[in-house]
Amino acid sequence: MHDESDSELIAQAKEDPEAFGLLYERYVGRIYNYIYYRTGNHQDAEDLTARTFYRALKHLPRYVDRGAPYSAYLYRIAHNAVANWHRDNSRRQIISIDELVMRTLKRKGPASLAQKHEEQALLLQAARRLAPDRQQLLILKFVEQMRNAEIAEVMGRTEGAIKSLYHRTLVALREEVPDMLNGQVEKGTGEDDDE
Amino acid sequence: MNEKRVGEMLAAYADGLIDRSEAMKQIDATDEERRRLAVLFQLTERLQQNMQPVQPSADFLRSLGQELVDQARRQIQLSNRLRRAALIGAAAVGSLLSIASVVGAILFVVARLRARAQGRAVHAPTA
């Protein structure tokens, strides 16, 4: 395993192509996951992941290390790539693999499995309707399993702001999937019950 | 329950699900608080279950990695070539300037000598 810090690797990568390869290996999984959960299919995730790293490489000679994690920079490029992708595809109906799997299972698969996939697809579709920063927060928290402090660093916010954003994100998501959650408990959000 | 407290509890609950069980203990939520936030806790559990990391294909990872390293090599070579060309250009301009200044100095001295010789000829006593 390579112990060099991001800053060291970035400095080396300006002279040594293998160093950029190490940066790529360090972050490709995270960026791929981020894009996959934003787009919902592997094909576009591969395409946009490649674009993200090519863009990062192109701008490497002008990259100025200001102490922020390199991952934050890569997430920003990935975020822009996904935004462009959404804009380009806004007029076409996109059917993700998740959706196709769900439809197939509905027709053919065992009922319990189909139901599980359906729930997953519904939840992920609902998550994709959230604002981009909220989607990013969910991905960093659950897929990347980052701590709040790390998420704050990547997203350029305070830890308190991240917790607050997470609360608002859950409330918004709950509105999107009201049928999925058992309604046995009163719909407390903590927002309307200040004491 | 204020928003800050709710935010702390929800974040701690999510952390608790992700192998950080100490997070929820530190918050020390009351039964009433747990009851009020039960739906959001449930949603957190669903997210944790359904948002698992995915693995890109090994072929994709390998080929993209190789392409990027090749591209990085080309980029560095091009940048080195441009730097060398700029250096040679600057050296050439410097050399031309040096030659031009030497030629200029020679012309200046010759002109001064001529002017002095002409001056002497004008002021020379006529016999």
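At what angle do helix α1 (residues 3-17) of chain B and helix α4 (residues 38-50) of chain B pack, and how far apart are their axes? In this predicted model, the two helices pack at an angle of about 35°, and their axes are 10 Å apart. The crossing of α1(B) past α4(B) is right-handed. On the α1(B) side, the contact is formed by Leu10(B), Tyr13(B), Ala14(B) and Leu17(B), which meet Leu40(B), Phe41(B), Thr44(B), Glu45(B) and Gln48(B) of α4(B). By class, six of the residues in this contact are nonpolar, two are polar and one is charged.

The secondary structure of chain A consists of nine helices and zero strands. Of the 195 residues in chain A, 31% are buried. Among contacts in chain A with a separation of 6 or more, 59% are between residues 24 or more positions apart.

Helix α3 of chain A covers residues 42-58, 17 residues in total. From first C-alpha to last, α3(A) reaches 24 Å, close to the 24 Å expected at 1.5 Å a residue. The buried residues in α3(A) are Asp44(A), Ala45(A), Glu46(A), Leu48(A), Thr49(A), Thr52(A), Phe53(A), Ala56(A) and Leu57(A). Their cover includes elements of both chains, namely α2 and α4 (70-89) of chain A and α5 (58-123) of chain B.

The largest nonpolar core contains 55 residues. The members that touch the most others are Phe20(A), Ile31(A), Ile35(A), Ala78(A) and Leu10(B). Helix α2 (residues 17-39) of chain A provides the largest share of this core, 12 residues. Leu10(B) is also one of the α1(B) residues that meet α4(B). In soluble globular proteins, nonpolar side chains tend to be buried together. Leaving out residues up to four places away in sequence, Phe20(A) touches Ala13(A), Leu57(A) and Leu60(A) in chain A, and Leu68(B), Val69(B) and Ala72(B) in chain B.

The contact between the chains takes 46 residues from chain A and 39 residues from chain B. On the chain A side, α2, α3, α6 (111-128), α7 (132-143) and α9 each supply at least two residues. The largest share of that side, 11 residues, comes from α2(A). By class, the chain A side divides into 23 nonpolar, 11 polar and 12 charged residues.

Lys163(A) lies in helix α9 (residues 159-176) of chain A. Lys163(A) is buried because 22 other C-beta atoms lie within 10 Å, where the cut-off for a buried residue is 20 or more. Apart from neighbours within four places in sequence, the contacts of Lys163(A) are Asn148(A), Gly7(B), Glu8(B) and Ala11(B). Glu15(A), by contrast, is found in the loop between α1 (6-13) and α2 of chain A. Glu15(A) counts as exposed because it has 10 C-beta neighbours inside 10 Å, and the limit for an exposed residue is 12 or fewer. The C-alpha atoms of Lys163(A) and Glu15(A) are 40 Å apart in space, and the two residues are 148 residues apart in sequence. Between Glu15(A) and Pro61(A), which are 46 residues apart along the chain, the C-alpha separation is 9.5 Å.

Notes. Residues are numbered from 1 along each chain as its sequence is written. Chains are lettered from A and ligands numbered from 1 in the order in which they are written. This is a predicted model: local features need pLDDT of at least 70, side-chain atom pairs count only at pLDDT 80 or more; totals for chains, interfaces and linings use all residues. Helices (H or I, at least four residues) and strands (E, at least two) are DSSP runs, numbered from the N terminus. Two residues are in contact if their C-beta atoms, placed from the backbone, lie within 7 Å. A nonpolar core is a set of buried Ala, Val, Leu, Ile, Met, Phe, Trp, Tyr and Cys residues joined through C-beta atoms within 7 Å. The expected span of a helix is 1.5 Å times one less than its number of residues. Axes are lines fitted to C-alpha atoms, for helices over the stretch in contact, and angles run from 0 to 180 degrees between N-to-C directions. A crossing is left-handed if the near helix is turned anticlockwise from the far one by less than a right angle, and right-handed if clockwise. Ala, Val, Leu, Ile, Met, Phe, Trp, Tyr, Cys and Pro count as nonpolar, Asp, Glu, Lys and Arg as charged, and the others, Gly among them, as polar.
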